[in-house]
Amino acid sequence: MANPTQKRVETLEQSAREKISYPALSPEMKLVEEAFFRHVGKPIPRKEDGRLITGKGRFSDDFNFPGQTYAAMVRSPYPHARIRSIDPSEALSSPGVLAVLTGQDVLDDKLEPLPHSPVPSTKFDIKLTAPDGGKPFIGPHYLLPADRARHVGEAVAMVVAETAAQAADAAEKVLVDYEELPHVTNTAAAAEPGAPAVWDEVPNNVFIESKFGDWAGTDAAFAKADHVIRADFHIDRVTAVTIEPRAAVANFDAETGRYTLYAGSGGAVRQKGELAKVLGIEPKNLRVLSFDVGGNFGARNRAYVEFGLVLWASKKVGRPVKFTATRSEAFLTDYQGRDLVTKVELALSKEGKFLALRADNLSNVGMRCVSLSPLSKGSGLITGSYDIPVAALRARAVFTNTMCTQAYRSSGRPEVTYAIERLVEIAARELGFDPLELRRRNLVQPEQMPYTNAVGSIYDSGEYEKNMNRALELADWNGFEKRQQDAARRGKLLGRGFANYVESSIGSPKERAEIEVKDDGTIEVVIGTQPSGQGHETSFAQVVADMLQVPVEKVWIVLGDTDIVSVGGGSHSGRSMRHAGTVMAMASADLLAEGRRRTAALYGVDVDSIDFESGYFKLRGSNEAIDIFELSLRTREADGPLRVARDNEMHTPVFPNGAAICEVEVDPETGHVQITAYSTIDDVGRCINPLIVHGQTHGGIAQGVGQAMWELCAIDETTGQPLAGSLMDYGMPRFDNLPSFNCEIAEVISPTNPLGVKAGGEGGTTPALVTVTNAVIDALKDYGVTQLPMPLTPFTVWKAIHQAGAR
């Protein structure tokens, strides 16, 4: 019987090798290549920062409509309960209350569920299916449920009132008659026989089950192996804690029949399409505006029910409606991240060569399936940076009575990196190998690129061992013993952790750029990939400035308004610069081609006689020249604005990679862990702006370290109640509990796109969880500690020390 995974690998490999070298550049692209790097590669300060740090940002809660009203949600106190009835009478008689809306109203008005489309859609994504091989049931996500509440905090009704205080007071007066039902919140428990069913349609809660790899070959390799190492891990649940809680304000204009929504997101165009489907309207009748966004990390990439609710309510009450989440509401109902249970086995020869890998990955999606990106992305990278000939993977997803999970910074990659790098450490300890040498012996080598791993992912480029060596230098690996002795004299235990990583960047494949030369001497670029703090207004401008050979100060990026931006995949999966940069480069080439045509017409010559150099169109063999701005002015009357639009679709992934090293001091008396040093090297492909990339790396490290050390969406499994409802309960990284980072950028150019870009926003996070964990376990090795769950709180560490001492 044919191996379906092998067929997939062969098909994708052929496609990738056809695309791995970007198509031949046009004459205009070749011209701009020669002038590239005037701005690209320079640490230009972010032009948007002046606005943001002086209170001139345009965040969702900053927008208001005249005569607006306010919404408050009635939220379920139960993890699972049937909604018998909702009595709004007392709330409706309260001061200022205009409406109380319920799930039955949603059904009566024939609103559709949010169309999350959770299965990744590019050609190279790992394809996940239902256990029967068909399309999975994902749980319809109506704006308000009419049947059951399926997690603590789920909105079951909405109150609209004249003021926010009146809405909040009235929400407490809405009487909901619940019938409490059995619940399950634990990932592994939800997949066990007899677990309470979250959905009747999926009695065993497992709605995704797919197998990948060469199962027969893997079994044969394990049978011949000299050693087999096994481990189980749970990479627990966290949440984004964006600095700006989500907010939305909507207005329905009865005269025009159009809706307007201000709501921060990772992609206004996508959310416009999704919300239009919910309301049952033509997309042209909805305008979505998303300007400055105070943090995303994946949590804002999918639409929230409150966005649809304020749109719907605005039409119902005939006035604008605003909702702003409290911090506690954000902890309960922001889309959350991680929550993967993985069982892994590694087969080795006696010489330490990796022969095969088995993995069983179980992803907790919560009460409904918003995204399968974490499971899919992680599935493609289970072998990490290592040349493992064969692998077998079972990938499953399970419903639980918890908030939905979604792609969270480096979606799925930190989890599988944690598994493979912990497994290598365990193998080295148990079999007597040096951990670094065991890694070196099995790394994918540069000459193997493009490299197809054992589950079919095709790594485009990278120098993994060189990254390793440079990271060791940056961290002064050889000076560790002296630092360890110094720590011991102070009564502290010094430990060090190392991890290699490789991650993938694919993302939504479609992007569009529109470039226009304006009469005021500026270049306007309209792009659908919008930022949430990444500095796109600067880095995107650098690309276009180099392409058009104009000062970067003259390039302005326009984004976030769907009346202007018509296409765009948004910011996720490290796609922004790769997709936006590529289509902006193509559009710039088109603009130059149009400029050459206009210049040729102006001078009455053939277009082949026109060159472009230093921002000027020049008539070859003469002193005649005209810059791009003057050309636009002189030809506007005859030819219209000097403007182009270019669409592009790009499926081929890239694979950023690197290595990280962490040192920690542990106080054995208290279990307190202090991170004393953190070094990393990240191959981002071509680096457009190193200042911005370093900032992204620093933030990514903090986010990964935060999960390793402090962060946890803790849930009482008996009651189903979340235990982290505020910043008093949820630990966070801060400036005073992190060291200065020692970071370096590697630039191994990707052959998959004209800029050679990989990605720079998620590499800091990907290895951080396991690097910190390895360091703490190393510090405790003399106590016999070999495994620790995250987060590595003082109590967790203290308990491990004392339990080890009692053995």
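Strands β19 and β20 run antiparallel to each other and are joined by five bridges; two strands count as paired if DSSP finds at least two bridges between them. Everything here comes from a predicted model, where local features need pLDDT of at least 70, side-chain atom pairs count only at pLDDT 80 or more, and totals for chains, interfaces and linings use all residues. Residues are numbered from 1 along each chain as its sequence is written, and side-chain values use heavy atoms, with hydrogens and water left out. Helices (H or I, at least four residues) and strands (E, at least two) are DSSP runs, numbered from the N terminus.

**The four-stranded sheet**

- β19 and β20 belong to an open sheet of four strands, ordered β21-β20-β19-β25, with mixed pairing.
- At the edges sit β21 (555-558) and β25 (643-649), each of which pairs on one side only.
- On average, neighbouring strands in this sheet are turned by 20 degrees against each other, direction ignored; axes are lines fitted to C-alpha atoms, for helices over the stretch in contact, and angles run from 0 to 180 degrees between N-to-C directions.
- On to the next pair: β20 (residues 523-527) runs parallel to β21, and four bridges join them.
- Valine 526 faces valine 558 of β21, while glutamate 524 stands opposite tryptophan 556, also in β21.
- Helix α19 (residues 628-639) packs on this sheet, touching β19 (510-517) and β20, and its direction makes about 80 degrees with that of β19; contact means heavy atoms within 4.5 Å.
- β20 is mostly covered, with four of its five residues buried; buried means under 20% relative accessible area, exposed over 50%, and partly exposed in between (1.4 Å probe, protein chains only).

**The three-stranded sheet**

- Another open sheet has three strands in the order β4-β2-β6, with antiparallel pairing.
- β4 (148-149) and β6 (175-180) each have a single partner strand, so one side of each is left without a neighbour in the sheet.
- Two bridges hold the antiparallel pair of β2 (residues 81-87) and β4, and arginine 82 has arginine 148 of β4 as its bridge partner.

**The α13-α21 helix pair**

- Helices α13 (residues 413-431) and α21 (residues 768-779) pack at an angle of about 30 degrees, with axes 8 Å apart.
- The two are therefore roughly parallel to each other; angles under 35 degrees count as roughly parallel, over 145 as roughly antiparallel, 65 to 115 as roughly perpendicular and the rest as oblique.
- α13 passes α21 in a right-handed crossing, meaning the near helix is turned clockwise from the far one by less than a right angle.
- Pro414, Thr417, Tyr418, Glu421, Arg422 and Glu425 on the α13 side meet Leu769, Val770, Thr773, Asn774 and Ile777 of α21.
- By type, the residues of this contact are five nonpolar, three polar and three charged; Ala, Val, Leu, Ile, Met, Phe, Trp, Tyr, Cys and Pro count as nonpolar, Asp, Glu, Lys and Arg as charged, and the others, Gly among them, as polar.

- Methionine 449 and proline 450 are joined by a cis peptide bond with omega of about -5 degrees; proline 450 lies in the loop between α14 (435-442) and β16 (451-452).
- A cis peptide bond also joins methionine 790 and proline 791, with omega of about 0 degrees, and proline 791 is in the loop between α21 and α22 (794-806).
- Lysine 110 isn't a glycine, yet has a positive phi of about 60 degrees; it's in the loop between α5 (103-108) and β4, and counts as exposed at 67% relative accessibility.
- Glutamine 549 also has a positive phi, near 55 degrees; this residue is in the loop between α17 (536-548) and β21, and counts as buried at 10% relative accessibility.

**Glutamate 665**

- Glutamate 665 is in strand β26 (residues 657-666) and is buried, with a relative accessible area of 13%.
- Leaving aside neighbours within four places in sequence, glutamate 665 is in contact with Ala487, Arg490, Lys492, Leu493, Leu494, His672, Val673, Gln674 and Thr676.
- The C-alpha atoms of glutamate 665 and asparagine 364 are separated by 33 Å, and these residues are 301 apart along the chain.
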